[in-house]
Amino acid sequence: CVTEAGFGADLGAEKFIDVKCRLADLAPKCVVIVATVKALKLHGGADKKDLSTENLAALEKGLPNLVKHIKNITEVFGLKCVVAINRFTTDTQNEMNLIEKTCRELNVPAAFCEVWAKGGEGGKTLAEEVVELCSQPNDFSYSYTLDMSIEEKLEAIATKIYRADGVAFTPAARKQLVQLE
């Protein structure tokens, strides 16, 4: 079964894995992280009107965003992942190579995806990679355990997923925590 869990390996994947998978007793085998050159350049500070122009410096500055998503999946949740690089006509080979190189350095496969232009044939490499990864064992785990307090669960999500140094609760939030517990 293949499902789309939502946007990002922080918000969407965290809720899907920690809540839905736990409640539905699902154990994912593999995660597909979708990336685009334009989005990564935007994360790297490129101007929106210039996203169709090759800009390796902006792409390089935006790649840590992708790296964090990869690490959330592989290190926090212990799952295999593949990066689907949605390839568009304005993407240059140099840009595609830089994303692929970054993935390779993290020991994560990348697959160029051109479904929008080539239909099913444009997603064949990605599908083959997913099948391969699903056949491999993983170390699936959650970002927190159910026996933790709500405060501890929030701290686990904040520190593991968002890389926060910690969590500070206001008096109103502390009052809500007591009510929720």
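Predicted model: local features only at pLDDT ≥ 70, side-chain atom pairs only at ≥ 80, totals over all residues.
Guide: Residues are numbered from 1 along each chain as its sequence is written, and side-chain values use heavy atoms, leaving out hydrogens and water.

Visitor: Why are helix 7 and helix 8 called oblique to each other?

Guide: Their packing angle is about 120 degrees, with the axes 9 Å apart. Angles under 35 degrees count as roughly parallel, over 145 as roughly antiparallel, 65 to 115 as roughly perpendicular, and the rest as oblique. Therefore these two helices are oblique.

Visitor: What makes the contact between them?

Guide: Contact means heavy atoms within 4.5 Å. Helix 7 brings Ile150, Glu151 and Leu154, while helix 8 brings Arg174, Leu177 and Leu180.

Visitor: How are the residues of that contact divided?

Guide: There are 4 nonpolar, no polar and 2 charged. Asp, Glu, Lys and Arg count as charged; Ala, Val, Leu, Ile, Met, Phe, Trp, Tyr, Cys and Pro as nonpolar; the others, Gly among them, as polar.

Visitor: What makes a set of residues a nonpolar core?

Guide: Its members are buried Ala, Val, Leu, Ile, Met, Phe, Trp, Tyr and Cys joined through side-chain atoms within 4.5 Å. Buried means under 20% relative accessible area (1.4 Å probe, protein chains only). The largest such core here has 29 residues, and Ile33, Leu66, Ile70, Ile73, Val83 and Ile99 touch the most other members. Helix 3 gives the largest share, 6 residues.

Key. Buried < 20%, exposed > 50% of the residue type's maximum accessible area, 1.4 Å probe, protein only. Helix = DSSP H or I, 4+ residues; strand = E, 2+ residues; numbered from the N terminus. Axes fitted to C-alpha atoms, helices over the stretch in contact; angles between N-to-C directions.
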